Amino acid sequence: MILSKIIPGVAHSFLYFGFLLLFFSTELFSMHHLRPISERINMHQIRRVAMATMTASRFDYPKQEAEAPKILRYGDPKLYEPSLPFDLPKEMPLVHEVLEQMKLATKGMGNVGLAAPQIGILKQLVMFAVPAEHPRYKTDGVAQPMRIMINPHYKHLSDEKNLEWEGCLSVPGMMGQVKRYTHIECTYIDLEGVKQSFNASNFHARVVQHELDHLRGILFPLLVENRHMLGFTEAIMESEEFKKSRGF
Ligand SMILES: [Zn+2]
């Protein structure tokens, strides 16, 4: 029993020593420039393989996590299709399955909004949280906790609209100015199967309208009226137009 533990240990030490010898001997040869260049490159490659083999034998490979669904990007035809409502209560288990996939897709992203079609599932489900402050967006200074909405609808409470910047996980690295209703009322079914409704204004209302647009196959760049007001986030944040809108 003891021998069976010692022998692999001793063998490993010899192997390690051998690699060290190979490392230093090739280093000496290459230092003295005694060998042709092609041969020195080969020795360098051998050393790299040897080091990689040692590393692989000494550490476990990282455990693989469940693969996150890909967030579809602007241009993918699936993003322009309308989503179907869930047939409740029959499809409530499906709601939970889709929601799990959506959470997996946005894991570690913090306060975000996502609609099911953004991961290629054409069903009416959205999730979003509203941050109190945001470096890019004109927020309300009040955070809204994560809300999960099944089969949602909204109606505007007045004709008042406002023009502000927004972005989207399906349009990474870009921003655009979009006109949205300032005050809305939203109704939806919650995870308990109960009908809910709430009023939202300003940034909160903007997020709701943005997410619900995904269910109609509409992405924010399609709503940008002044095409100069659509571009890469870094460039826009440097622009006078953006700074002026933030009161800089
Ligand atoms: Zn979006």
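Guide: Start with a definition. A nonpolar core is a set of buried Ala, Val, Leu, Ile, Met, Phe, Trp, Tyr and Cys residues joined through C-beta atoms within 7 Å. The model is predicted. Its largest nonpolar core holds 26 residues. Ala-116, Leu-125, Val-126, Ile-150, Ile-184, Cys-186 and Val-208 touch the most other members.

Visitor: What elements give two or more residues to this core?

Guide: They are helix 3, strand 1, strand 2, strand 3, strand 6 and helix 4. Helix 4 gives the most, with five residues.

Visitor: Which residues belong to the other core?

Guide: That core lies apart and has five residues, among them Leu-79, Cys-168, Val-178 and Leu-219.

Visitor: What does Ile-184 touch, leaving out residues up to four places away in sequence?

Guide: Ile-184 touches Tyr-154, Lys-155, His-156, Leu-157, Ala-200, Ala-205, Val-208 and Gln-209. In the sheet, Ile-184 stands opposite Ala-200 in strand 7.

Visitor: What is the strand order of that sheet?

Guide: The sheet is open, with five strands in the order 1-2-3-6-7 and antiparallel pairing.

Visitor: Why do strand 1 and strand 7 count as edges?

Guide: Strand 1 (113-115) and strand 7 (195-201) each have a single partner strand, so one side of each has no neighbour in the sheet. From one strand to the next, the twist averages 40 degrees.

Visitor: How do you know that strand 1 and strand 2 pair?

Guide: Pairing takes at least two bridges. Strand 1 and strand 2 (residues 125-130) have three, in the antiparallel sense. Therefore they count as a pair. Gly-113 stands opposite Phe-128 in strand 2.

Visitor: Which helices pack on the sheet?

Guide: Helix 3 (residues 92-105) touches strand 1, strand 2 and strand 3 (144-156). Its direction makes about 45 degrees with that of strand 2. Helix 4 (residues 202-214) touches strand 1, strand 2, strand 3, strand 6 (183-189) and strand 7. The direction of helix 4 makes about 160 degrees with that of strand 2.

Visitor: How many bridges join strand 3 to strand 6, and strand 6 to strand 7?

Guide: Strand 3 and strand 6 pair over five bridges, antiparallel. Tyr-154 stands opposite Cys-186 in strand 6. Strand 6 and strand 7 pair over seven bridges, also antiparallel. Their hairpin has five residues between the strands, and Gly-193 there takes a positive phi near 85 degrees.

Visitor: What does Glu-160 touch, not counting residues up to four places away in sequence?

Guide: Thr-182 and His-183. Glu-160 and His-183 are 23 residues apart along the chain, and their C-alpha atoms are separated by 7.3 Å.

Visitor: How many residues of the chain reach a pLDDT of 70 or more, as a percentage?

Guide: 73% do, and the mean pLDDT of the protein chain is 83. Over residues 18-41 the pLDDT stays under 50, and the model has 13 contacts beyond four places in sequence for them. Over residues 52-59 the pLDDT is also below 50, with two contacts beyond near neighbours in sequence.

Definitions and conventions:
Residues numbered from 1 in each chain as written. Predicted model: local features only at pLDDT ≥ 70, side-chain atom pairs only at ≥ 80, totals over all residues. Helix = DSSP H or I, 4+ residues; strand = E, 2+ residues; numbered from the N terminus. Axes fitted to C-alpha atoms, helices over the stretch in contact; angles between N-to-C directions. Contact = placed C-beta atoms within 7 Å. pLDDT = per-residue confidence, 0-100. Buried ≥ 20, exposed ≤ 12 C-beta atoms within 10 Å, placed from the backbone.
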